[in-house]
Amino acid sequence: MKLDKLPPLEPGDFYFNEQGLMVFTAAYHLKRGYCCKNGCKHCPYGFKKKS
C-alpha cells in the first residue's frame, strides 16, 4: 500500500507512550488492512518480531 493511500488518522487510532512516541492501536492496524511486520505493540495479525 502506498503512503498516500493510508487511511487518515482519527481519534482512537493512536496514543503517545511515556517516551512521547506515537503508538498505533489494533483498530488502526485493522483499518490499514495489512501487517507491516515491524513487531508493533498492538499487532492484531499475530506477528511477533524475533529478538
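**Reading a predicted model: burial, charges, cysteines and backbone**

Visitor: Is Thr 25 buried or exposed, and on what value does that reading rest?

Guide: A residue is called buried when its relative accessible area is under 20%. Thr 25 is buried, because its relative accessible area is 16%. Please keep in mind, here and in what follows, that this is a predicted model.

Visitor: Where does Thr 25 lie, and what does its side chain reach?

Guide: Thr 25 belongs to the loop that runs between β2 (22–24) and α1, and from there its side chain reaches the backbone oxygen of Gly 12 at 3.0 Å. A polar contact requires the two atoms to be within 3.5 Å.

Visitor: How far apart are Lys 41 and Thr 25, in sequence and in space?

Guide: The two residues are separated by 16 residues in sequence, while their C-alpha atoms are 8.2 Å apart in space. Lys 41 sits in the segment after α1 and is exposed, with a relative accessible area of 66%, whereas Thr 25 is buried.

Visitor: Turning to charges, how many salt bridges does a search of the whole structure find?

Guide: For a salt bridge, the side-chain nitrogen of Lys or Arg must come within 4 Å of a carboxyl oxygen of Asp or Glu. The search finds two of them. In one, the side chains of Lys 31 and Glu 10 meet at 3.6 Å, N to O; since Lys 31 is in helix α1 and Glu 10 in the segment before β1, this pair ties together parts that are 21 residues apart in sequence. In the other, the side chains of Lys 31 and Asp 13 meet at 2.8 Å, N to O; here Asp 13 also lies in the segment before β1, so the pair with Lys 31 of helix α1 ties together parts that are 18 residues apart in sequence.

Visitor: Which residues are linked in a network of salt bridges?

Guide: Glu 10, Asp 13 and Lys 31 are linked in this way. As for their accessibility, Lys 31 is partly exposed at a relative accessible area of 34%, and Glu 10 is likewise partly exposed, at 43%, but Asp 13 counts as buried at 5%.

Visitor: Which other residue has its C-alpha atom 7.2 Å from that of Lys 31?

Guide: That residue is Pro 7, which is 24 residues away from Lys 31 along the chain. Pro 7 is found in the segment before β1 and, at 18% relative accessibility, counts as buried.

Visitor: Which residues form a nonpolar patch on the surface?

Guide: Leu 9, Phe 16 and Met 22 form it, and together they have about 290 Å² of accessible area. Leu 9 is in the segment before β1 (14–16) and counts as partly exposed, because its relative accessibility is 40%.

Visitor: How many disulfides does a search of the whole structure find, and how far is the sulfur of Cys 36 from the closest cysteine sulfur?

Guide: For a disulfide, the two sulfur atoms have to be within 2.5 Å. The search finds zero disulfides. The sulfur of Cys 36 is 3.7 Å from that of Cys 40, the closest cysteine sulfur, and this is too far for a bond.

Visitor: Finally, what is the phi of Lys 37?

Guide: Most residues other than glycine have a negative phi. Lys 37, although not a glycine, has a positive phi of about 60°. Lys 37 lies in the segment after α1 and, at 53% relative accessibility, counts as exposed.

Technical notes:
Residues are numbered from 1 along each chain as its sequence is written. This is a predicted model: local features need pLDDT of at least 70, side-chain atom pairs count only at pLDDT 80 or more; totals for chains, interfaces and linings use all residues. Side-chain values use heavy atoms; hydrogens and water are left out. Patches are made of residues with over 30% relative accessible area and no salt bridge: like charges are joined within 9 Å, nonpolar side chains (Val, Leu, Ile, Met, Phe, Trp, Tyr) within 5 Å. Accessible areas come from the Shrake-Rupley method with a 1.4 Å probe; for residues, only the protein chains shown count as cover. Helices (H or I, at least four residues) and strands (E, at least two) are DSSP runs, numbered from the N terminus. Buried means under 20% relative accessible area, exposed over 50%, partly exposed in between (1.4 Å probe, protein chains only). A polar contact is a pair of N or O atoms within 3.5 Å; within protein, one must be able to donate a hydrogen and the other to accept it, and residues adjacent in sequence count only if both atoms are side-chain atoms.
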